[in-house]
Amino acid sequence: MDFKLHILAIAAHPDDVELSCGGTLANEINRGKKVGIIDLTRGELGTRGTPETREEEAQKAASLLGIRIRKNLEMADGLFSESYENLMKVVEVIRQFMPDVVLTNSVSDRHPDHGRGGDLVERACFLAGLAKVETSIKGVWQEPWRPKVVYRFVQDRYIKPDFIVDVTESWNIKMEAIKAFKSQFYDPNSEEPETPISGKQFLDFLEARSREFGREIGVEFGEGFCCSRRPGVKQILDLI
């Protein structure tokens, strides 16, 4: 299925996107924008759940948010590198869906896949715009395409964001999408091992972080992003 997207979120693990920018995506979907998600890995090294259950959960979360397309590139969880093969996988989906904006993993984080995944995606976004980097899908040559901007969301570890998005109106649907990953997050009936994200305190932390970001811009809930290229605006009033 090929169609142009306004925004493509590309992240290392199923649930990274929902946790970090689910509210931002829901905002834009409510405004009629076409949005997709690409998961780099199946999260197969996770303590809880299986790749199959995580895929089911990812598709449910995508449906709740109104995501147009969700694909998994099946890189090796915990072990993927910035290899030629992996870069070309990302280049192909960027050219396939031609997003204006790409959102990706944090600059650095507790899980090493996050920083590494974001670096891979940023590099692939640049390569996707080079005509001499040739890719094809099912024998059909792809035209070069480079997103206008790449923004990296803040994840587990605090990083001072370059800008914050008001997600107050989308907070409830963001939390519904997160809770779709039942194998990963708080479930009092689960008999699986405890992890740093499986307790109720983790959901409390997510709310506290979003409230912290929201407070900085005078709203209830916010999501933070970092950028390597300084954003610009046409009117100074757009910064209010």
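I began with strand β9, where six of the six residues are buried, so the strand is largely enclosed by the rest of the structure. A reminder to myself: this is a predicted model.

I then asked which residues of β9 are covered on each side. Gly222, Gly224 and Cys226 are buried on one side, and Glu223, Phe225 and Cys227 are buried on the other.

Next I looked up the strand partners. β7 (residues 149–153) runs antiparallel to β9, with three bridges between them. Here I found Arg152 opposite Cys226 of β9. β8 also pairs with β9 in the antiparallel sense, over four bridges. Asp166 has Gly222 in β9 as its bridge partner.

**Aromatic rings**

How many aromatic pairs does the whole structure hold? My search gave six. I noted Phe163 and Phe225 as a stacked pair, with 5.4 Å centre to centre and 15 degrees between the planes. Phe163 belongs to strand β8 (residues 163–166) and Phe225 to strand β9 (residues 222–227), so this pair ties together parts that are 62 residues apart in sequence.

Phe225, at 1% relative accessibility, counts as buried.

I wrote down a further stacked pair, Phe185 and Phe202, at 5.9 Å centre to centre and 5 degrees between the planes. This pair links distant parts of the chain, 17 residues apart: Phe185 is in the loop between α5 (171–179) and α6 (200–216), while Phe202 is in helix α6. Both Phe185 and Phe202 are buried.

Back at Phe225, I saw that ring pairs join Tyr151, Phe163 and Phe225 into a cluster.

**Charges over rings**

I also checked for arginines above ring faces. The charged end of Arg146 sits over the ring of Phe126, 4.4 Å from its centre. Arg116 lies over the face of Phe80, at 5.0 Å from the ring centre.

**Nonpolar cores**

Which residues touch the most other members of the largest nonpolar core? In this core of 35 residues, they are Cys21, Leu25, Ile67 and Leu103. The elements giving two or more residues to the core are β1, α1 (16–30), β2, α2 (51–65), β7, α5, α6 and β9. I noted that α1 supplies the largest share, six residues.

Leaving out residues up to four places away in sequence, Cys21 touches Ala9, Leu103, Phe153, Lys174, Glu223 and Phe225. There is also a second, separate core of 26 residues, and among them are Leu127, Ala128, Val133 and Val150.

**Helix α3**

My last stop was helix α3 (residues 84–97), which has 14 residues. From its first C-alpha to its last, α3 reaches 20 Å, close to the 20 Å expected at 1.5 Å a residue. Ten of the 14 residues are buried, so α3 is largely enclosed by the rest of the structure.

The buried residues of α3 include Asn86, Arg95 and Gln96, as well as Leu87, Met88 and Phe97. What covers the buried residues of α3? The cover includes β1 (7–11), β2 (35–41), β3 (69–75), α4 (112–127) and β5 (136–137).

Just after α3, I noted that Met98 takes a positive phi of about 50 degrees.

Definitions and conventions: Residues numbered from 1 in each chain as written. Predicted model: local features only at pLDDT ≥ 70, side-chain atom pairs only at ≥ 80, totals over all residues. Heavy atoms only, no water. Phe/Tyr/Trp six-rings, centres within 6.5 Å; stacked < 30°, edge-to-face > 60°. Buried < 20%, exposed > 50% of the residue type's maximum accessible area, 1.4 Å probe, protein only. Lys NZ or Arg CZ within 6 Å of the ring centre and 35° of its normal. Expected span 1.5 Å × (residues − 1). Contact = heavy atoms within 4.5 Å. Pairing = 2+ DSSP bridges. Core = buried A, V, L, I, M, F, W, Y, C linked by side-chain atoms within 4.5 Å.
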